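Welcome, and thanks for taking a look at this one.

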Amino acid sequence: MKRTALYDAHVQANAKLVEFAGWEMPLLYRGIVEEHLHTRNAASIFDVSHMGRIRFHGPDAVALLDRVCTRNIAKLAIGRCGYSHLCNAEGGILDDVIISRDADQLIMVCNASNRPKILAHLREHAVGRTVTIDDQTEQTCMLAIQGPATLALARAHLPIEFGDLKRYAFTSGEYMGMPYLVSRSGYTGEDGLELTLPASAGPLVWNYVTQPGDGSRPIVLPAGLGARDTLRLEAGMPLYGHELDESIDPISAACGWAVDLSRDFIGVERLRRIQAEGPARKLVGLSLEGRRIARQGSPVLDGDRPVGTVTSGTFGPTVGRSIAMAYVDAPVAIEGRPLTVDLRGERVPARVGPLAAYKRKE
Amino acid sequence: MSVPQDRRYQASHEWHKLDGGEVIIGITQFAADELTDITYVSLPSIGKEIVAGTPFGEIESVKATSDLISGVSGQVVAVNETLNNSPELVNSDPFGQGWMIRVRPTDPTQLDALLTAEQYQRQSAAH
């Protein structure tokens, strides 16, 4: 199992460590619900170094990414980050990624479990193009600081300059010879920053953030993958392996906004057809009665008729109710539509809601 | 990790405490910690006959759903109704306020076949 540069920091913070996509990662430190609520109310730091970080440079870097991504990368402004899918020829989702476009390079952050597959796919489509694909995952680390207190704290305490960074924008710089990239992005539904640093600098920054030098009570506390999952689920964000996989297309996955059908990319013909015909099933949010939790694979019913399958579910710590995401037949994918979810034989009433059960106040 | 000596255990992490001829059943701290934050406990109704080795209820946490399995057969004489609204008591006090059901056993000697505190501790330490 691989360990991130923050492994010792996790052990020191009493993390409960689990295997995730080949990495030994913190599931939780103090408790999933506590870490979730602290992120919504103050700020948390997450080690997300297991995610793949792939750098592209050379004259054909944009052309390569334009060919493999559903999003129009040529139109992505320098200094901005964009969410995109990568599809196979049948329009199935290979991965969902964030692309950051810099003046002389592009950075792709991909899912840990998909990194080998995505690297192979990129290298296959780079043949004949002048582009260097550099997998920087293991020489760098990535820290996400998330929550309403993040920006003020980072301005006051972190030795990085990020000026007036807009949402989904990034900037890069150097501190004492250490290059960093900081973006205003995240996967929790909160405002926040994601930092990419040399692996060796990770523990310093982690300790700097979680252990204030003046001895005051820390505001940024570590949070693990458990809270990351409940946070993203409340915020209606899809997770590869649950809402997204190769049998699903971006249109059905409610990610049409990250697809530009007017141009040529791998899988576009199929996606144009799905868009024209309308997807047979759609990703929706569900709100369940009671305290029971729907799990991936739980059947969704309309009366006695099966109409779909749950992809993720949890008891939302902030919204205070049982929530889920599910693929359901398009005719019932209407907000407010009552359905039931079969939880190990018990039929629990549910209602179709928005994908995001939680939206932060601006 | 210490476990109370005054009760018997199962490898599936339920504890059984003999109390005035009846058996109180709950889950151990180890199990509660493994499940993480518990959100829901489904328990049988009073009067129900339960069978040793088969599920009598379910416990859910933000991470997983698990069966609750009794080590003894008998009739349910009380259930911890507090868990309906405060399932987190299983996390905070699994050996006390987080108890689940009280059973009148058909054969109290079934308890003798369960793990002692020492045996259970050795087994869960091996995880």
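## A first look

Strand 2 (residues 14–19) and strand 3 (residues 22–27) of chain B pair in the antiparallel sense over six bridges. Strands and helices here are DSSP runs numbered from the N terminus (strands E, at least two residues; helices H or I, at least four), and two strands pair if DSSP finds at least two bridges between them. This is a predicted model, in which local features need pLDDT of at least 70 and side-chain atom pairs count only at pLDDT 80 or more, while totals for chains, interfaces and linings use all residues. Residues are numbered from 1 along each chain as its sequence is written, and chains are lettered from A and ligands numbered from 1 in the order in which they are written.

**The sheet of chain B**

- Within the pair of strands 2 and 3 of chain B, B:Lys17 stands opposite B:Ile24.
- Both strands belong to an open sheet of six strands in chain B, with the order 1-2-3-9-8-5 and antiparallel pairing.
- Strand 1 (8–9) and strand 5 (49–50) of chain B stand at the edges with a single partner strand each, so one side of each has no neighbour in the sheet.

**A buried glycine in chain B**

- B:Gly98 is found in the loop between helix 3 (89–92) and strand 9 (101–105) of chain B.
- B:Gly98 is buried because 23 other C-beta atoms lie within 10 Å; a residue is buried with 20 or more other C-beta atoms within 10 Å of its own, exposed with 12 or fewer, and partly exposed in between, the C-beta atoms being placed from the backbone.
- Leaving aside neighbours within four places in sequence, B:Gly98 is in contact with B:Gly26, B:Leu89, B:Val90 and B:Asp93; contact means that C-beta atoms, placed from the backbone, lie within 7 Å.
- B:Gly98 and B:Thr28 are 70 residues apart in sequence, and their C-alpha atoms are 9.6 Å apart in space.

**Where the chains meet**

- Twelve residues of chain A are in contact with eight residues of chain B.
- On the chain B side, the touching residues divide into two nonpolar, three polar and three charged. Ala, Val, Leu, Ile, Met, Phe, Trp, Tyr, Cys and Pro count as nonpolar, Asp, Glu, Lys and Arg as charged, and the others, Gly among them, as polar.

**Nonpolar cores**

- The largest nonpolar core has 98 residues, and those with the most contacts inside it include A:Leu65, A:Ile145 and A:Val341. Such a core is a set of buried Ala, Val, Leu, Ile, Met, Phe, Trp, Tyr and Cys residues joined through C-beta atoms within 7 Å.
- Strand 17 (residues 321–329) of chain A gives the largest share of this core, six residues.
- A second, separate core has 29 residues, among them B:Tyr9, B:Ile25, B:Ala32 and B:Val103.
- Not counting residues up to four places away in sequence, A:Ile145 touches residues including A:Ala43, A:Gly192, A:Val209 and A:Val220.

**Helix 3 of chain A**

- In helix 3 (residues 61–68) of chain A, the buried residues are A:Ala61, A:Leu64, A:Leu65 and A:Val68.
- They are on the same side of helix 3 of chain A because they cover an arc of only 90° around the axis, the arc being that of the directions from the helix axis to the C-beta atoms.
- These buried residues pack against elements of chain A including strand 5 (81–87), strand 6 (93–101) and helix 4 (115–126).

- Strands 18 and 19 of chain A pair in the antiparallel sense over six bridges, and A:Pro338 stands opposite A:Arg351.
- These two strands form a hairpin with two residues between them, and A:Arg344 in the turn has a positive phi of about 50°.
- A:Arg344 is exposed, with 12 other C-beta atoms within 10 Å.
- Most residues other than glycine have a negative phi.
- A:Ala254 also has a positive phi, of about 60°, and counts as buried with 20 C-beta neighbours inside 10 Å.

Conventions: Two residues are in contact if their C-beta atoms, placed from the backbone, lie within 7 Å.
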